[in-house]
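Trainee: I would like to learn how to read a protein model step by step, beginning with the words themselves. Could you show me where to start?

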Amino acid sequence: MAPKFRLVYFNIRGRAELTRLLFAAADLKYEDQRFDFGSDQWKELKPETPMGQAPVLYIDDVALCQSQTIARYVARTTGLAGRTPLEEAKADMIVDGLEDLGKKLVAMFNEKDEEKKVELQKELTGAFLTQFLGNYEKLASAEGRGFFVGDSLTWADIAFFNMLGWVTPLDPAVLDRFPNLSKVMDNVQSQQGIARWLKERPQTNM
């Protein structure tokens with residue numbers, strides 16, 4: 001009997017959206033349980049979570065936390081982690097490397113001083129992003145088909161797409177000089193399940 005999945009997180013994209021995209025790509029049913037920041041629902045649930053954090057994925061009655069762990073589990077469960085141990089490692093490398101960009105984005109979004117925030121954005125969208133995307137452009141160029149690993153979609157492609165969703169509002173032309181990465185983005189957003197999710201998902205500020 002197939003397990004029942006319940007994903008628990010705030011009513012934002014945030015750290016749960018990669019997992020939601022993976023469920024969408026695999027057309028795998030799950031309960032998308034959301035709540036507002038500071039809600040009584042979260043206060044009641046928090047002590048019961050493994051580490052007092054969200055997101056949490058419940059597989060029947062077993063709880064998993066840590067967003068990357070959850071996403072990696074869903075990727076493996078749905079065949080999106082890679083076809084061989086080496087492909088899995090390559091996909092993990094792509095996903096883990098995105099944390100460098102993620103940390104920069106979090107620091108910028110959380111900065112309260114507007115002048116400092118502007119400086120952090122300039123730093124992010126300048127030399128850092130040029131080098132970062134240059135490296136990822138090479139990693140996506142092996143076959144020229146718009147995939148980071150092998151010749152089909154993996155969670156590496158979906159994770160990149162998800163992360164760039166935070167960058168393109170800052171610079172809509174950011175991928176103009178990176179044709180291979182543009183292909184990755186196109187392959188992800190045109191995948192049937194993901195395209196449907198992007199159209200139907202709740203509209204949130206984050």
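This is a predicted model: local features need pLDDT of at least 70, side-chain atom pairs count only at pLDDT 80 or more; totals for chains, interfaces and linings use all residues.

Mentor: Start with the named elements: helices (H or I, at least four residues) and strands (E, at least two) are DSSP runs, numbered from the N terminus. Residues are numbered from 1 along each chain as its sequence is written, and side-chain values use heavy atoms, with hydrogens and water left out.

Trainee: Does Arg 72 count as buried or exposed?

Mentor: A residue is called buried under 20% relative accessible area, exposed over 50%, and partly exposed in between, with a 1.4 Å probe and protein chains only. Arg 72 has 17% relative accessibility, and therefore counts as buried. Contact means heavy atoms within 4.5 Å, and, leaving aside residues up to four places away in sequence, Arg 72 touches Asp 92, Asp 96 and Trp 155. For contrast, take Val 62 in strand 4, which counts as exposed because its relative accessibility is 53%.

Trainee: How should I read the sheet, and in which order do the strands lie?

Mentor: Strands of a sheet pair through backbone hydrogen bonds, either parallel or antiparallel. Two strands are taken to pair if DSSP finds at least two bridges between them. Here four strands form an open sheet with mixed pairing, in the order 2-1-3-4. Strand 2 (31–35) and strand 4 (62–65) are the edge strands, each pairing on one side only. Strand 1, residues 5–10, is joined to strand 2 in the parallel sense over five bridges, and within this pair Val 8 has Gln 33 of strand 2 as its bridge partner. Strand 3 and strand 4, by contrast, run antiparallel and are joined by four bridges, with Leu 57 standing opposite Leu 64 of strand 4. The hairpin of strand 3 and strand 4 has two residues between the strands, and Asp 60 takes a positive phi near 55° there.

Trainee: Which residues of helix 8 are buried, and where do they point?

Mentor: In helix 8 (residues 192–200), the residues Gly 193, Ile 194 and Trp 197 are buried. Seen down the helix axis, the buried residues of helix 8 fall within an arc of 95° (taken from the directions from the axis to the C-beta atoms), so they line one face of the helix. Gln 192 and Lys 199 are exposed on the other side of helix 8. The buried residues pack against helix 1, strand 2, helix 6 (155–164) and helix 7 (179–190).

Trainee: What is a nonpolar core, and which residues touch the most other members in this one?

Mentor: In soluble globular proteins, nonpolar side chains tend to be buried together. A nonpolar core is a set of buried Ala, Val, Leu, Ile, Met, Phe, Trp, Tyr and Cys residues joined through side-chain atoms within 4.5 Å. The largest one here has 64 residues, of which Leu 22, Leu 101, Leu 133, Phe 148, Ile 158, Phe 160 and Leu 181 touch the most other members. Helix 6 gives the most to this core, with eight residues. Leu 101, not counting residues up to four places away in sequence, has contacts that include Leu 124, Phe 128 and Met 163.
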